[in-house]
Amino acid sequence: MSAARDFASRPESVSEVRAFTQDALAGLDLAVDDIVLCVSELVTNAVRHSTAHDGTFHLDIRVDRDKLRVECHDCGSKKPTLLTPSDADEGGRGLLLVQALTSRWGVGSRPAGKCVWFEIDGDPSVLQGCRRAGRVGS
Ligand SMILES: Nc1ncnc2c1ncn2[C@@H]1O[C@H](COP(=O)(O)OP(=O)(O)OP(=O)(O)O)[C@@H](O)[C@H]1O
Ligand SMILES: [Mg+2]
């Protein structure tokens, strides 16, 4: 399965992306809520950082037999970095959440801007079941 689309870099697009992701994964036995949450974090960041550049970002979702991969391309030149927020900080947790819920994540350079991506190995519905049982992550 693969699904890809350009979205306008505006806050309203985040809910469109959630619906797009849910539609794309419908019928597949995946941990859709976790995936939608992680996609939302990437996209919220893309909206925040690409608005001033070309007004769009691109989302790509691929599922094969043993891996889900999501890429979010935006035209901003600044690269994301994991933060270490204190209890008093309101933000700085989006990518920490992505790190906790996925197998890996990263950033790739693109001719215009960059691609922030994550992957979930294996059957994500199995991972979700393990996490609920306290066997993966915390
Ligand atoms: N697509 C991006 N382009 C440029 N900088 C990014 C991008 N995504 C994240 N960042 C930066 O990386 C850092 C970590 O992002 P993260 O999503 O974890 O936190 P946040 O966006 O600051 O807060 P929160 O997601 O909790 O609202 C932040 O400084 C953020 O601005
Ligand atoms: Mg964020």
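**Briefing: a sheet, its helices and a ligand shell**

The protein chain holds 4 helices and 5 strands. Helices (H or I, at least four residues) and strands (E, at least two) are DSSP runs, numbered from the N terminus. This is a predicted model: local features need pLDDT of at least 70, side-chain atom pairs count only at pLDDT 80 or more, and totals for chains, interfaces and linings use all residues. Residues are numbered from 1 along each chain as its sequence is written, while chains are lettered from A and ligands numbered from 1 in the order in which they are written.

**Overall layout**

- From the N terminus, the elements follow the order β-α-α-β-β-α-β-β-α.
- The protein chain has 138 residues, and 30% of them count as buried (20 or more other C-beta atoms within 10 Å of the residue's own, with C-beta atoms placed from the backbone).

- The 5 strands form an open sheet in the order 1-2-3-5-4, with antiparallel pairing. Two strands pair if DSSP finds at least two bridges between them.
- Strand 1 (2-8) and strand 4 are the edges; each has a single partner strand, so one side of each lacks a neighbour in the sheet.
- Strand 3 (residues 67-74) and strand 5 run antiparallel, joined by 8 bridges. V70 has F118 of strand 5 as its bridge partner.
- Strand 4 (residues 104-109) pairs with strand 5 (residues 114-121) in the antiparallel sense, over 6 bridges. Here R104 is bridged to E119.
- Strand 4 and strand 5 make a hairpin with 4 residues between them. In its turn, G113 has a positive phi of about 85°.

**Two helices together**

- The axes of helix 2 (32-50) and helix 3 (94-101) come within 9 Å and cross at roughly 145°. Axes are lines fitted to C-alpha atoms, for helices over the stretch in contact, and angles run from 0 to 180 degrees between N-to-C directions.
- Residues in this contact include L37, L42 and N45 of helix 2 and L95 and V98 of helix 3. Contact requires C-beta atoms, placed from the backbone, within 7 Å.

**Around ligand 1**

- Of the 17 residues around ligand 1, N45, P80, G91, G94 and L95 come nearest. A residue is near a molecule if its C-beta atom, placed from the backbone, lies within 6 Å of it.
- Helix 2 and helix 3 each supply at least two residues of this shell. Helix 2 gives the most, with 4 residues.

Conventions:
Two residues are in contact if their C-beta atoms, placed from the backbone, lie within 7 Å. A residue is buried if 20 or more other C-beta atoms lie within 10 Å of its own, exposed if 12 or fewer, and partly exposed in between; C-beta atoms are placed from the backbone.
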